[in-house]
Amino acid sequence: MNTLKLEITAQGVAVVYIDVPDRSVNVFTPEFVDDMSAMVEQVLGDPAIVGAVVTSAKNSFIAGADLKVLVDAYDQGVTAVQASQRFARENAMMRRLETGGKPFVAALNGLALGGGLELALACHHRLLVDNPKAVVGLPEVSVGLLPAGGGTQRLPRMIGIEKALPLLLEGTNLKPQQALESGVVDALVSAERLIEVACNWVLAHPQVNKPWDVKGFSVPGGSGCLAPHAVKSFQYNTSLAKRDAGNYPARLAILSAVFEGTQLPFDTALAVEAKYFGTLLANPVARNLMRTMFINKSAADKLARRPQGYDTCRVRKVGVLGAGMMGAGIAYVSAQAGIQVVLIDTDRTAAERGKAYSTRILDKAIERGTQTREGAEAILRRISPTSEFAELDGCDLVIEAVFETREVKAQVIPQAEAPLMPSAIFASNTSTLPISGLATYSQRPDKFIGMHFFSPVERMPLVEIIIGDQTSQETIAHALDFVGTLRKTPILVNDSPGFYTSRIFSTYTDEGMAMLAEGVNPALIENAARLAGMATGPLAVTDEVSLDLQKRVIDQAHADDLPVQFLRSHARPIVEKMNALGRLGRKSGGAFYVFPQGAKKHLWPGLAELFPVAQAQPDVQTVRNRLLYIMALETARCVEENVIFEPADADLGAILGLGYPTWTGGTLSLIDSIGLPAFITECDRLASLYGKRFRPSSWLRERAVQGVTFHPQTAR
Ligand code: NAD
């Protein structure tokens with residue numbers, strides 16, 4: 001057996017070490033399932049073997065299913081019925097292990113997630129190593145699926161529906177003590193004694209039976225709609241699932257599988273679980289979540305886009321120019337990553353103010369107990385606030401985050417470069433000014449790059465790396481190394497007005513404002529965005545970024561004589577109007593919203609007078625499509641114009657940078673899921689109703705004719 005090693009002790013206990021080859025962690029593969037099935041038969045069939053201990057030869061037990069295989073299943077056009085058969089062999093193996101009459105003990109020597117925990121639940125006893133890294137859980141809901149190896153049936157039958165539902169619906173990982181308290185495992189054992197204790201249990205329990213295979217079994221706490229906890233368990237959790245607004249089908253499927261399954265005999269219940277799993281795997285949401293949020297994000301985090309052949313750059317000292325909102329955040333995340341920071345502003349007081357931002361974050365972390373006083377002091381010691389550019393001497397990287405005007409940037413770039421060593425990189429955090437233009441102020445344009453952080457820097461996971469005309473491959477590689485050190489997710493884009501994220505972001509805010517001007521009820525605009533799954537409505541987010549900034553960007557686009565699509569003519573009048581009224585956003589007391597002290601923000605009543613609500617209102621679906629599609633269409637334009645070249649980056653940028661809904665898998669995944677021809681038809685409808693910004697290009701139409709998708713599809 002290629003994936004298992006079997007040792008038989010002198011007392012006849014088979015100790016099974018799982019070791020799936022060529023994988024750093026064990027995952028379910030077809031070969032592993034074959035080997036497990038053969039092993040179970042061997043244990044059950046050999047009279048010299050009294051039972052088995054199942055453990056792993058790696059540091060962790062089993063991490064779950066191979067997501068790549070599940071993504072491929074969707075791409076290959078699997079139907080719900082076919083998908084429901086996906087884990088039939090796994091389930092048959094686990095059921096045989098469970099009902100064969102000999103004891104099986106799971107000796108969890110490390111983390112056991114998804115299918116790994118389900119295998120343990122099928123065993124007759126579970127021991128978990130007492131090590132904080134050894135978490136257990138059923139996280140399938142986070143990838144749009146449900147545990148299809150009996151997890152939705154065994155867990156409630158073991159610990160009761162009331163306790164099982166939160167674990168299934170939230171997919172939280174349990175630390176060893178929590179796993180013990182909730183009854184998911186039976187005991188915690190030290191690593192040294194794990195196998196010995198497991199073998200002893202086998203020897204002490206020659207006769208085993210699962211409670212649900214004994215006549216008269218009932219689920220602890222009861223099942224069905226008359227169970228005492230039913231209102232709390234099912235109605236409460238259904239209302240939670242309602243928050244998913246129909247965008248994430250997994251929670252409702254889990255609730256249904258548990259509700260129906262726990263009222264049925266076990267084997268019929270497994271069939272119910274399989275049926276619901278089939279509907280989820282054949283749905284694009286699970287594919288989108290798995291591909292973007294796990295496979296592609298993990299590849300981006302491992303710097304998949306890094307040009308090959310350059311030594312890794314370890315930034316030890318970074319200079320940050322401008323200690324304002326962004327500079328202060330960049331200084332904090334750099335110092336937290338162990339890097340020395342020179343934080344420069346026009347005078348020392350301003351620089352000190354920037355450093356105080358880190359102090360505030362760290363004080364809160366100490367209060368919450370997530371940071372120690374010594375740890376915080378060590379981070380703060382790494383930040384040196386100053387107004388002296390000479391202190392940049394020895395920096396491997398300088399990031400400028402001064403005011404967003406060319407004049408100020410033109411002034412600081414040569415000033416900062418003077419003391420730098422030749423190998424150092426200069427990065428600009430500009431959100432709008434073209435990088436190649438700024439590079440003309442640099443003595444070494446090959447070392448000049450865009451590094452666009454998002455606000456608040458310490459919370460936002462994305463960094464958009466912008467390649468200027470003359471940026472060298474080595475500079476790209478080293479900039480990515482730095483983002484990796486900060487443990488953020490980088491995407492790579494070419495230089496162009498607004499780059500990628502700012503460009504599609506403005507289509508979102510502008511569409512919201514355009515609807516407002518048309519007389520669409522602002523509450524409808526905001527609610528439709530939330531129902532679609534956007535993190536923040538277009539008007540609310542405009543209040544956050546401020547309307548004076550929007551005005552400056554639009555004015556700059558006119559001053560720079562940019563092509564018409566960058567002039568934002570449908571949003572400009574609203575931006576102008578709000579600026580004229582001094583309603584600039586949250587920072588000035590509110591624009592589209594009001595922010596009353598101590599109460600929740602709400603839409604500004606004055607909007608009704610400024611933008612009277614029309615009698616005829618569009619349906620929610622149309623408003624939702626306008627918001628989601630305009631961003632997707634702009635992303636397609638960015639691909640056409642080679643602003644962004646990897647579909648995975650486009651999707652990650654939209655979700656991680658702009659709060660585009662995760663169920664879509666990102667802007668390009670949305671188009672692929674709908675199908676390009678259907679997407680174009682809807683865009684044409686919207687163009688005829690609302691303006692030519694919705695009209696797809698001939699390039700996009702040609703792709704539809706040729707049947708090209710943005711993401712590669714496994715052949716159907
Ligand atoms: P800010 O106004 O909060 O901070 C700018 C800081 O630069 C101020 O502290 C100012 O005193 C300092 N400064 C100005 N001239 C200087 C000089 N000659 N030398 C040293 N320091 C100088 O601005 P911000 O919001 O932090 O934005 C900074 C940059 O980051 C801009 O390019 C902006 O476009 C970009 N950006 C902002 C956001 C955002 O959400 N605010 C997001 C991404 C990128």
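**Figure 1. Buried residues of helix α9 in the predicted model.** Helix α9 spans residues 194-204, and its buried residues are Leu194, Ala198, Cys199, Trp201 and Val202. Seen down the axis of α9, these residues fall within an arc of 155°, so they line one face of the helix; the arc is that of the directions from the helix axis to the C-beta atoms. The buried residues of α9 pack against strands β2 (13-18), β3 (51-56), β4 (104-108), β6 (125-129) and β8 (187-189). Buried means under 20% relative accessible area, exposed over 50%, and partly exposed in between (1.4 Å probe, protein chains only). Helices (H or I, at least four residues) and strands (E, at least two) are DSSP runs, numbered from the N terminus. This is a predicted model, in which local features need pLDDT of at least 70 and side-chain atom pairs count only at pLDDT 80 or more, while totals for chains, interfaces and linings use all residues. Residues are numbered from 1 along each chain as its sequence is written, and side-chain values use heavy atoms, with hydrogens and water left out.

Figure 2. Domain 2 covers 317-495 and domain 3 covers 502-581 + 611-642 + 646-706; the bounds come from an automatic or database domain assignment. Their C-alpha centres lie 30 Å apart. The contact (heavy atoms within 4.5 Å) takes 13 residues from domain 2 and 10 residues from domain 3. One salt bridge is found across this interface, a salt bridge being a side-chain nitrogen of Lys or Arg within 4 Å of a carboxyl oxygen of Asp or Glu. Strand β16 (residues 489-494) gives the most to the side of domain 2 that touches domain 3, with 5 residues.

**Figure 3. Salt bridge between Lys58 and Asp19.** The side chains of Lys58 and Asp19 meet at 2.8 Å, N to O. Lys58 is in the loop between β3 and α2 (67-75), and Asp19 is in the loop between β2 and α1 (30-45), 39 residues apart. Lys58 is buried at 14% relative accessibility, whereas Asp19 is partly exposed at 33%.

Figure 4. Arg444 and Glu417 form a salt bridge of 3.7 Å, N to O. Arg444 lies in the loop between α18 (435-439) and β14 (448-453), and Glu417 in helix α17 (residues 406-417). Arg444 is buried at 14% relative accessible area, and Glu417 is buried at 7%. Lys447 pairs with Glu474, the closest N and O atoms being 3.6 Å apart. Glu474 lies in helix α19 (residues 473-485) and Lys447 in the loop between α18 and β14, so the pair ties together parts that are 27 residues apart in sequence.
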